[in-house]
Amino acid sequence: MALVRWNPTRELTAWPSGLFGLQREMNNMFDSFFRGSQDEDTSLSAWAPAVDIAEHDDAYTVKMELPGVNKDEVKITLESNILTIRGEKKHEKDTKKENYHRIERIYGSFERSFTLPTTVKSDKIDAAYNNGVLQITLPKAEEAKPKQIEVKAK
Amino acid sequence: MFVRFNMPETIDNILEDFAFRNAKSSYAPAYPAIDIAENEKQIVVTAEVPGVKKEDVKIVLEKSVLTISGERKPYEVPENSRVWLNEMRVRNFQRSIELDHDVDADKISAEIKDGLLRIVLPKTEASQARAIEVK
């Protein structure tokens with residue numbers, strides 16, 4: 001049996017003409033348009049890890065929640081100011097033989113991209129994984145740092 | 001496949017889930033997300049608690065109800081910073097799970113690694129499934 005994320009609203013949303021019926025149909029339309037034909041469970045399980053992004057004077061920091069993700073399964077790329085983080089959350093091997101009562105955690109691959117507003121020093125990007133949180137620090141390029149302009153008296 | 005009808009139920013979060021789901025999106029998950037697995041010997045509860053320190057988590061077993069609660073503390077943002085995106089939820093959390101087996105309370109173990117809280121609850125001898133020999 002395929003592992004399917006437990007979703008308490010599945011029955012509600014599955015009503016053909018119920019409370020969420022229209023929204024559901026619209027979502028399906030968009031999903032099938034962008035993804036091509038995939039089964040329903042795949043579209044329900046698609047996930048995007050939560051992200052915090054902050055800009056500081058000299059750098060950007062990007063934090064991403066990746067609990068239980070092996071850091072070797074995470075790929076970070078920067079291509080003309082577009083930062084892409086992709087990876088996969090896999091099931092722990094030792095639990096495969098067990099009976100699951102409940103599966104709320106989402107497994108599978110993810111990908112998120114962000115356009116950075118200014119250029120960064122691509123060779124100085126630092127990424128660290130600690131306690132389930134990935135933190136990427138992207139130092140701004142010199143020309144992108146804020147400059148204080150001194151007003152001279154004549 | 002073997003289907004169980006006496007599934008452990010989370011008692012809390014249901015109302016909160018609904019409120020949050022309606023406010024934000026149809027599929028906003030319960031927090032923290034948990035998996036519950038069981039084999040002959042033990043029940044394993046895995047909760048996603050990224051960025052939560054072990055000293056900020058409390059686990060209580062009262063009769064057959066296991067309660068996980070804790071706090072995710074905000075991290076420091078330097079002055080003059082602009083927050084572009086803030087999706088990581090910083091708040092207190094609490095979830096309760098009703099267990100359908102007697103567990104050996106003295107042998108429960110818990111650890112946090114890579115943002116996963118893993119609680120192992122060994123079943124008592126009496127509640128373990130055993131084959132009955134036909135004489």
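**Note on chains A and B**

1. At a relative accessibility of 81%, B:Lys63 counts as exposed. The model is predicted. B:Lys63 sits in the loop that links strand 3 (57-62) to strand 4 (65-71) of chain B. Its backbone deserves a look: phi is positive, about 55°, and the residue is not a glycine. Most residues other than glycine have a negative phi.

2. B:Asp114 also has a positive phi, near 50°, and is likewise a residue other than glycine. Where does B:Asp114 lie? Its place is the loop between strand 7 (109-113) and strand 8 (116-122) of chain B. With a relative accessible area of 31%, B:Asp114 is partly exposed.

3. Chain B carries a nonpolar patch on its surface, formed by B:Tyr75, B:Val77 and B:Val83. Together these residues have about 250 Å² of accessible area. B:Val83 belongs to strand 5 (residues 82-86) of chain B. Is B:Val83 buried or exposed? Its relative accessible area is 52%, and exposed means over 50%, so B:Val83 is exposed.

4. Now the fold of chain A. It has three helices and eight strands. Along the sequence the order is α-α-α-β-β-β-β-β-β-β-β. Among contacts in chain A with a separation of 6 or more, 54% join residues 24 or more positions apart.

5. How much of chain A is buried? Of its 154 residues, 40% are. The chain exposes about 9600 Å². Carbon and sulfur atoms supply 52% of that area.

6. The largest nonpolar core holds 20 residues. The members that touch the most others are A:Val62, A:Met64, A:Leu66, A:Ile85, A:Leu134, A:Ile136 and A:Leu138. Strand 1 (51-55), strand 2 (59-65), strand 4 (82-89), strand 6 (108-115) and strand 8 (133-139) of chain A each give two or more residues to this core.

7. Neighbours within four places in sequence are set aside here. Its contacts then include A:Val62, A:Met64, A:Leu134 and A:Ile136. Others among them are A:Val74, A:Ile76, A:Phe110 and A:Phe114.

8. A second core is separate and has 18 residues. Among them are B:Ile34, B:Val45, B:Ile97 and B:Leu121.

How values were computed:
Residues are numbered from 1 along each chain as its sequence is written. Chains are lettered from A and ligands numbered from 1 in the order in which they are written. This is a predicted model: local features need pLDDT of at least 70, side-chain atom pairs count only at pLDDT 80 or more; totals for chains, interfaces and linings use all residues. Side-chain values use heavy atoms; hydrogens and water are left out. Patches are made of residues with over 30% relative accessible area and no salt bridge: like charges are joined within 9 Å, nonpolar side chains (Val, Leu, Ile, Met, Phe, Trp, Tyr) within 5 Å. Accessible areas come from the Shrake-Rupley method with a 1.4 Å probe; for residues, only the protein chains shown count as cover. A salt bridge is a side-chain nitrogen of Lys or Arg within 4 Å of a carboxyl oxygen of Asp or Glu. Helices (H or I, at least four residues) and strands (E, at least two) are DSSP runs, numbered from the N terminus. Buried means under 20% relative accessible area, exposed over 50%, partly exposed in between (1.4 Å probe, protein chains only). Contact means heavy atoms within 4.5 Å. A nonpolar core is a set of buried Ala, Val, Leu, Ile, Met, Phe, Trp, Tyr and Cys residues joined through side-chain atoms within 4.5 Å.
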